[in-house]
Each structure stands twice: as C-alpha cells, then as structure tokens.
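Reader: I am new to this structure and would like to learn how to read it. Could you walk me through it, one feature at a time?

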Amino acid sequence: MFSKSMVGLSLALVTLFAVQAPADELKVGDKAPTFTLDGEGADPVKLADFKGKKLVICFNRANWCPFCMKQVTDLQKHYDAIKDAGAEVLVVFREEATGAEGLKKIREKTKATMPFALDLQAEKTGEYSPEGFDTYILDEEGKITAVLEGTKPDRPLGDEILSKLRN
C-alpha cells in the first residue's frame with residue numbers, strides 16, 4: 001500500500017515539474033522557428049515572407065498598452081533607418097482581442113507603417129519571447145543574430161535595434 005502511494009506521489013511530482021519546466025529559450029545562433037499568423041487583411045503573415053532580408057520581430061500586447069504604443073511609435077521614428085540597414089520590422093500583438101480593428105487603432109495612434117500580425121496568447125510564436133516583451137533580429141536566412149530583452153515597461157527601442165543591425 002505504501003509503495004503504491006509513493007509511486008503515485010512520485011508520478012504526480014514528475015508531472016508537476018515537467019509542466020513547470022521552462023522550454024529552452026531561443027538564443028543567438030538558433031534557427032528561428034517558423035510561423036504563419038493572421039495579418040491585417042486576408043493574407044496571412046509568414047516568417048518565410050521575409051526570407052532574404054534581415055527581420056526585426058517585436059512582441060507586444062495590444063492597443064491599450066502604453067508601453068507597447070511607446071515602442072511602436074519609436075520603431076516608426078526609426079523605420080527608415082532600419083530599412084536602410086537592410087531589415088524589415090514585424091510587430092506581433094499577442095493580446096489584441098479586437099483583431100484587425102485593434103491593429104487599425106494601433107496604426108491610428110502610432111502612424112506606423114511596418115507590418116503587424118496577431119498571435120493571441122502566443123499560440124504560434126510561443127517559442128519566442130516567453131515574457132512577451134523581447135525583440136529578435138534574424139539574418140537573411142532566418143538565423144537569430146540578436147535577442148534584445150525587454151520588460152513590461154521597457155522595450156528595445158530603435159537606437160538599440162539599429163546598433164545591433166549595424167554590428
């Protein structure tokens with residue numbers, strides 16, 4: 001009886017720790033995991049769409065987040081310089097429950113012209129940015145060349161991104 005209880009308890013603990021163990025975070029040198037996300041229109045946004053150019057992927061929450069809007073506004077301010085450095089920017093919103101209407105609000109608030117995509121609850125990009133605020137820079141072949149850590153109030157901004165792109 002005691003041994004059956006111990007086996008059951010052991011299995012429960014193994015399951016508990018396996019569920020709580022964080023997945024390996026993506027790091028410099030890793031191949032970026034592919035994804036296909038909802039975009040603003042009928043066409044999906046795929047990682048493969050950006051092959052052949054550097055890509056900056058930023059993760060944000062939604063139109064109601066002031067820290068997200070600050071980052072998007074700053075990215076737009078630096079967008080031409082980022083493009084001149086040979087890169088495109090993709091901003092992925094993970095909590096924009098109002099979908100395309102929310103993305104429209106973000107465009108109106110920030111005057112942003114870079115591509116946006118939706119991945120509610122990080123269903124398709126969960127391997128990226130476990131906390132939800134990091135920025136990844138990929139090379140032309142989709143390999144991660146930089147991971148810029150962000151926090152809820154402080155996200156990587158244009159100057160930091162440009163510095164990494166130019167190295």
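Reader: Among contacts between residues at least 6 apart in sequence, what percentage join residues at least 24 apart?

Author: Good place to begin, and please keep in mind that this is a predicted model. Of the contacts between residues at least 6 apart in sequence, 71% join residues at least 24 apart.

Reader: How do I read the way strands are joined? What runs beside β3, parallel or antiparallel?

Author: Look at the bridges and at the direction of each partner. β3 is joined to β4 by 7 bridges, and these two run parallel.

Reader: Which helix makes a β-α-β unit with β3 and β4, and is the unit right-handed or left-handed?

Author: The helix is α2, and the β-α-β unit it makes with β3 and β4 is right-handed.

Reader: Where does the chain go from β6, and how many residues lie between the strands of its hairpin?

Author: Follow β6 into β7: 4 bridges join them, and they run antiparallel. Leu-138 has Ile-144 of β7 as its bridge partner. The hairpin has 5 residues between its strands, and Gly-142 takes a positive phi near 90 degrees there.

Reader: Side chains on a strand can be read too. Which residues of β6 point which way, and are they buried or exposed?

Author: Thr-135 and Ile-137 point one way, while Tyr-136 and Leu-138 point the other way; all are buried. As for β3, 6 of its 7 residues are buried, so the rest of the structure largely encloses it.

Reader: How is burial read for a single residue? Why does Cys-68 count as buried?

Author: Compare its relative accessible area with the cut-off: buried means under 20%. Cys-68 counts as buried because its relative accessibility is 0%. Cys-58 is buried as well, with a relative accessible area of 0%. For contrast, go to Asp-84 in helix α2. Asp-84 is exposed because its relative accessible area is 70%, and the cut-off for exposed is over 50%. Over the whole protein, 44% of the 167 residues count as buried.

Reader: With cysteines in view, how many disulfides are there?

Author: A disulfide is a covalent bond between the sulfur atoms of two cysteines. In this model the count is 0.

Reader: How many residues does the largest nonpolar core have, and which have the most contacts inside it?

Author: This core has 25 residues, and those with the most contacts inside it are Val-56, Ile-82, Val-91, Phe-93, Met-114 and Phe-116. Elements giving two or more residues to the core include β3, α2, β4 and α4. The most come from α2, with 6 residues. Another core, of 17 residues, lies apart from it, with Leu-26, Ala-32, Phe-35 and Leu-47 among its members.

Reader: Which residues is Val-56 in contact with, leaving aside its neighbours within four places in sequence?

Author: Among them are Ile-82, Val-89, Thr-135, Ile-137, Ile-161 and Leu-165.

Conventions. Residues are numbered from 1 along each chain as its sequence is written. This is a predicted model: local features need pLDDT of at least 70, side-chain atom pairs count only at pLDDT 80 or more; totals for chains, interfaces and linings use all residues. Side-chain values use heavy atoms; hydrogens and water are left out. A nonpolar core is a set of buried Ala, Val, Leu, Ile, Met, Phe, Trp, Tyr and Cys residues joined through side-chain atoms within 4.5 Å. Buried means under 20% relative accessible area, exposed over 50%, partly exposed in between (1.4 Å probe, protein chains only). Contact means heavy atoms within 4.5 Å. A disulfide is a pair of cysteine sulfur atoms within 2.5 Å. Two strands pair if DSSP finds at least two bridges between them. A crossover is right-handed if, with the strands pointing away from the viewer, the path from the first strand over the helix to the second runs clockwise.
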